[in-house]
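Student: I'd like to learn how to read a structure like this one, feature by feature. Can we go through it together?
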Amino acid sequence: QVRVVESGGGLVQPGGSLRLSCTVSASRFRLYAMGWYRQAPGEERELVARITIDGDTRYGDPAKGRFTISRDNAKNTVDLQMNSLEPEDTAVYSCNAEGNIGDAMVDYWGQGTQVTVSS
């Protein structure tokens, strides 16, 4: 069984910062990459940031220069530091875990955490 649990969302004023955390707990699941995605009302889900077990990172355009993703492989956690937040960053942020169970490539999602940027 694989569990993906997010924390750290909330309300923040424009220009403020938030840090999101995600922890994956699993048996027989070889974790390869973890990432954050977001979905605003009426919009499609989009990549925020992704990091592999080797530390390779990829950022979506809205995150570049403002957000930083990091991970602790020993703890199966990934953090997303978000700075200079704007109202356009308001969305549900979801954590995704990619890996293998046996020979099968699988991925799992957390339930999401709301981030609201508003004065």
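Tutor: Let's start with a term: a contact means heavy atoms within 4.5 Å. Before we use it, note that this is a predicted model, where local features need pLDDT of at least 70, side-chain atom pairs count only at pLDDT 80 or more, and totals for chains, interfaces and linings use all residues. Residues are numbered from 1 along each chain as its sequence is written, and side-chain values use heavy atoms, with hydrogens and water left out.

Student: Which residues does Thr-77 touch, not counting residues up to four places away in sequence?
Tutor: With those sequence neighbours set aside, Thr-77 touches Cys-22, Thr-23, Met-34, Ser-70, Arg-71 and Asp-72.

Student: Is Thr-77 buried or exposed?
Tutor: Cut-offs come first: buried means under 20% relative accessible area, exposed over 50%, and partly exposed in between, with a 1.4 Å probe and protein chains only. Thr-77 has 17% relative accessibility, so it counts as buried. Across the protein chain, 40% of the 119 residues count as buried.

Student: How many helices and strands does the protein chain have?
Tutor: These elements are DSSP runs numbered from the N terminus: helices are H or I with at least four residues, strands are E with at least two. The protein chain has zero helices and eleven strands. Thr-77 is in strand β8, while Asn-76 is in the loop between β7 and β8.

Student: What does the backbone of Asn-76 look like in terms of phi?
Tutor: Phi of Asn-76 is near 55°, a positive value in a residue other than glycine. Asn-76 has 25% relative accessibility, so it counts as partly exposed. Ser-84 also deserves a look: its phi is near 50°, again positive in a non-glycine residue. Ser-84 sits in the loop between β8 and β9, and it is partly exposed because its relative accessible area is 42%.

Student: Where does Gly-16 lie, and which residues does Gly-16 touch, leaving out those up to four places away in sequence?
Tutor: Gly-16 lies in the loop between β2 (10–12) and β3. Under that rule, Gly-16 touches Met-82, Asn-83, Ser-84 and Leu-85. At 19% relative accessibility, Gly-16 counts as buried.

Student: What should I look for in a core?
Tutor: In soluble globular proteins, nonpolar side chains tend to be buried together. A nonpolar core here is a set of buried Ala, Val, Leu, Ile, Met, Phe, Trp, Tyr and Cys residues joined through side-chain atoms within 4.5 Å. The largest one has 27 residues, and those with the most contacts inside it are Trp-36, Val-48, Phe-67, Val-78, Leu-80, Met-82 and Tyr-93. Elements giving two or more residues to this core include β1 (2–7), β4 (30–39), β5 (46–52) and β11 (113–117). Beyond its neighbours up to four places away, Val-48 touches residues including Trp-36, Phe-67, Leu-80 and Tyr-93.
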